[in-house]
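Dear colleague,

I am passing on the structure we spoke about, and below it you will find my notes on what came out of the analysis. Please read them with the model open beside you.

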Amino acid sequence: MIDPANTLSNLDLETPEKPYLDSNELIINMGPQHPATHGVLRVILKLDGEKVLGTECVIGYLHRGVEKIAENRTYAMFNPYVDRMDYVAAVSNGLGYCQAVEKLLNVEAPPRANYIRVILTELNRIASHQLWLGTHALDIGAMTPLFYTFRDREEILKIFEKYCGARLTTHAFRIGGCLYETYAGFEKDVKNFLAFFPPKIVEYEELLTGNRIWLERTKNVGVISGADAIALGVTGPVLRASGVKWDIRKAQPYANYADFDFEIPTGENGDTFDRYMVRMIEMRQSLRIIEQAVNGIPEGPIMAKVPKVIKPAVGEIYHSIEAPKGELGYFIVSDGSTQPYRVRVRPPSFVNLQALDLMVRGMLVADVVAVIGTLDIVLGEVDR
Amino acid sequence: MLNAFMSYLGSRVTPGDANNQLWALIYILIIFAGVSVAVIAMNWLERKALAHFQVRLGPMRVGPHGLLQPIADALKLLLKEDIIPAQADQVVFWIAPLIGLLAAFTVYTVVPFGPSQAVSDMNIGILFMLGVSSLGVLGIVTAGWASNSHYPLIGALRSSAQMVSYEVAMGLAVVSAILMTSLNASGTGTLSMIDIVKAQQEQHVWFLFKFFPLGLIAFVIFAIAMVAETNRAPFDLAEAESELTAGFHTEYSGLRWSLFMLAEYAAMIAVSSIAVALWLGGWMHPFPNLLNAPAWEFIFSLFPGLTFLGLAGIAFLGTARMPSHSFFRIQRAGLAVFAALLGFIALVLLVIAVVGRNADSSVAANFREGIDYVYWFVLKVAVFMYLFIWYRATWPRYRFDQLMQVGWKVMLPISLGVLIATAIVGVIVG
């Protein structure tokens, strides 16, 4: 458990009043402009030589007030905004929001829409993990996987582009289902991807999994125990790598995840290598889900009966989904008008980032970079 | 002066041994220009090869296939504003890149491009080389210190610790190669770079294969240590861009920064030359004692010309494969001119090979031999340069403590063991 005496508020950030480069304790600003902080995260590091004595994350450089914007938009108008939070997993964001509003409206998306949603969301999970893998490897010094993952991620983005015209901020789903019917050849494209991608995972793993340097850089680095992870609210692959079998797709199935047969990979040590392996296996499991979904996709409507003007009854709802980075929750309060009274987003990146200090204390500077990479944060989601 | 110029042409010793300052200066200028050109070529090659490892194209815009990119870069760096941070130690900040550059280039005084193709045949050549090349760390440390900034400081500290610890393993590996030179009738070894290569010829074996696998292990240790010594991936902790932004040269820009790069690449070539001279038979073509008939000599002397001919062919092929759009007109013409230039060099080299084919002491024969030696030496060094790029594309970066662990706990004991084993085997066999 976390020792309260060891928390960040005790971090003395005053530089000692000594003349010229006193190196007993070094305070370093890692970020907001730094190659390895994945955006505009600023981490204040207190160092003893190379050893990390403490960290403090300074966030908010990318704050756009997404939650406040929601209060001035109708439910449908706010839908595209959620794509801009975790912009590498925009489809998941949209799914979470749409389902939360649907729950508020007591509407069920039709089965075909659910299948399309699952296919696109799982494709997006793979795309997100690919981006994570590339940047994480780049942080640890392996340049090449980044380009391989980006090359293969392109295939997923092509499917998105064909489906809804956008590659990143897709706005793929609407409240009540999907706006677009699948394009001609959608199933063929997805099946082609299913055949195309497994050898590529092997290719990534060839570069990294057995690599001695990779193992040394990731094993026993940034260890977090299952209990600590739960206490900090950490979710997603980071939690599962610590041995806690918690995946909302299984625990509280949404969309039609209950129909599919897949496994939840877990790790044992909760170190960076386990998180790497968990995500690698997750990509394969996502392929399994996509395969079942694309083979079982039913005919039928793609849109439920939703009123033109969405005016949910007074009430509140919390709905969470398993985004690629962890539990993505939406808490929506409705005052009965066309605009939400309050939307609160529980972003996985923001919560997972809390674990950074616990994970890097006593490690070296190079590990901070590895841990930031392994937490898989997107600053757009942290700051919202 | 003309006399000094002409009298050297027929002799077959280094200018240093001939006590000919004029030719020493000419050699120094040639080597300086040659290394600078090699660094520029290496810059282009690294970006291009790295790009192709990573399913990219690399530079394509400036000149055909980006051939002029290094020149454009150099020009850009020259024209950039010279920034010295206000809080920096001005003088040291100014001197630091020069120290690194000087250390990297001074090493070339004793690099044996051929039996007489070196500035000087110093009798302590290898010691001089190791000693001077270690001075390069001074440039990095002073740069990190003078920047008066945290990232450079950490980078400098890392790099000094790293270089000092890998120097030990490196030195021991070198000693085991030097031990092998003493396995002759008189039983005396040598520290002269040229004599080390000659010893390999006398013993009819590259030291890489001597006392297999002892020579090989020593070579591998040196090959690893030299990557660490030059701060290249996977040991590029001093400039680990994902951790320390740019490490010791974070505060440097423009010309000063490019001096660091020049020093780094020059140092890479220098340490590769040590490896080539000590283990890969230096300037000798493959099987120098087996294939030493005049016919073979002639065939091997055709190699340089044929290599350039091949390069010219590739360039011409590139001309033919360029899209037939008017946009590519200038690029196509440029590539054709480049191909023609390569072809011309090939022609000159082939003519020299044919004219100087008799192994007499004529100037042409002398020239032909010189080209031959330099060609094989450079070819072997080029293999190492390619390996440097390959490492960088493949491996993640070591962490600082792991790096130290590998250096002190793995490489040092092994190199010490190899040294002892070489000594014992040498006494028994030799």
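In this predicted model, nine residues of domain 1 of chain B are in contact with six residues of domain 2 of chain B. By class, the side of domain 1 of chain B that touches domain 2 of chain B consists of six nonpolar and three polar residues, with no charged residues. The assignment behind this divides chain B into domain 1, which covers 77-284 + 393-429, and domain 2, which covers 294-380, and the centres of these two domains, taken over C-alpha atoms, are separated by 31 Å.

Chain A is also divided by the domain assignment, with domain 1 at 4-58 and domain 2 at 66-350 + 365-383, and here the C-alpha centres of the two domains lie 32 Å apart. The contact between them involves 13 residues of domain 1 of chain A and eight residues of domain 2 of chain A. On the side of domain 1 of chain A that touches domain 2 of chain A, strand 2 and strand 3 of chain A each supply at least two residues, and the largest share, three residues, comes from strand 2 of chain A. By class, that side of domain 1 of chain A has eight nonpolar, four polar and one charged residues.

As for chain A overall, it has 15 helices and eight strands. The radius of gyration of chain A is 21 Å, close to the 21 Å that the globule rule gives for 384 residues, so chain A is as compact as a globular protein of that length. Its C-alpha trace spans about 70 × 50 × 35 Å along the principal axes, and 52% of the 384 residues of chain A count as buried. If one takes the contacts in chain A between residues at least 6 apart in sequence, 70% of them join residues at least 24 apart.

Two sheets of chain A deserve a description. One is an open sheet of three strands in the order 1-2-3 with antiparallel pairing, in which strand 1 and strand 3 (51-58) of chain A are the edge strands, each pairing on one side only, and in which the twist averages 20° from one strand to the next. Strand 1 of chain A is joined to strand 2 (residues 42-48) of chain A by five bridges, the two running antiparallel, and A:Met30 stands opposite A:Val43 in strand 2 of chain A.

The other is an open sheet of three strands in the order 6-7-8 of chain A, with antiparallel pairing. Its edge strands are strand 6 (315-323) and strand 8 (340-346) of chain A, each of which pairs on one side only, and its twist averages 15° from one strand to the next. Nine bridges join strand 6 of chain A to strand 7 (residues 326-334) of chain A, and A:Ser320 stands opposite A:Gly329 in strand 7 of chain A. Helix 3 (residues 90-105) of chain A packs on this sheet, where it touches strand 6 and strand 7 of chain A, and its direction makes about 150° with that of strand 6 of chain A. On the other pairing, strand 7 and strand 8 of chain A are antiparallel over six bridges, with A:Val333 opposite A:Arg342 in strand 8 of chain A. These two strands form a hairpin with five residues between them, and A:Gly336 in the turn has a positive phi of about 85°.

One loop residue may also interest you. A:Val107 lies in the loop between helix 3 and helix 4 of chain A. Is A:Val107 buried, partly exposed or exposed? Because burial requires 20 or more other C-beta atoms within 10 Å and A:Val107 has 19, A:Val107 counts as partly exposed. Leaving aside neighbours within four places in sequence, A:Val107 is in contact with A:Glu102, A:Gly176, A:Ala304 and A:Val306; the C-alpha atoms of A:Val107 and A:Gly176, which are 69 residues apart along the chain, are separated by 6.6 Å.

Finally, there is the interface between the chains, in which 27 residues of chain A are in contact with 25 residues of chain B. On the chain A side, strand 1 (26-30), helix 4 (111-140), helix 5 (144-164), helix 7 (212-218) and helix 14 (365-375) each supply at least two residues. By class, this side of chain A has 18 nonpolar, four polar and five charged residues.

With best wishes

Conventions:
Residues are numbered from 1 along each chain as its sequence is written. Chains are lettered from A and ligands numbered from 1 in the order in which they are written. This is a predicted model: local features need pLDDT of at least 70, side-chain atom pairs count only at pLDDT 80 or more; totals for chains, interfaces and linings use all residues. Two strands pair if DSSP finds at least two bridges between them. Helices (H or I, at least four residues) and strands (E, at least two) are DSSP runs, numbered from the N terminus. Axes are lines fitted to C-alpha atoms, for helices over the stretch in contact, and angles run from 0 to 180 degrees between N-to-C directions. Two residues are in contact if their C-beta atoms, placed from the backbone, lie within 7 Å. Ala, Val, Leu, Ile, Met, Phe, Trp, Tyr, Cys and Pro count as nonpolar, Asp, Glu, Lys and Arg as charged, and the others, Gly among them, as polar. Domain bounds come from an automatic or database domain assignment. A residue is buried if 20 or more other C-beta atoms lie within 10 Å of its own, exposed if 12 or fewer, and partly exposed in between; C-beta atoms are placed from the backbone. The radius of gyration is taken over C-alpha atoms; the globule rule is 2.2 Å times the number of residues to the power 0.38.
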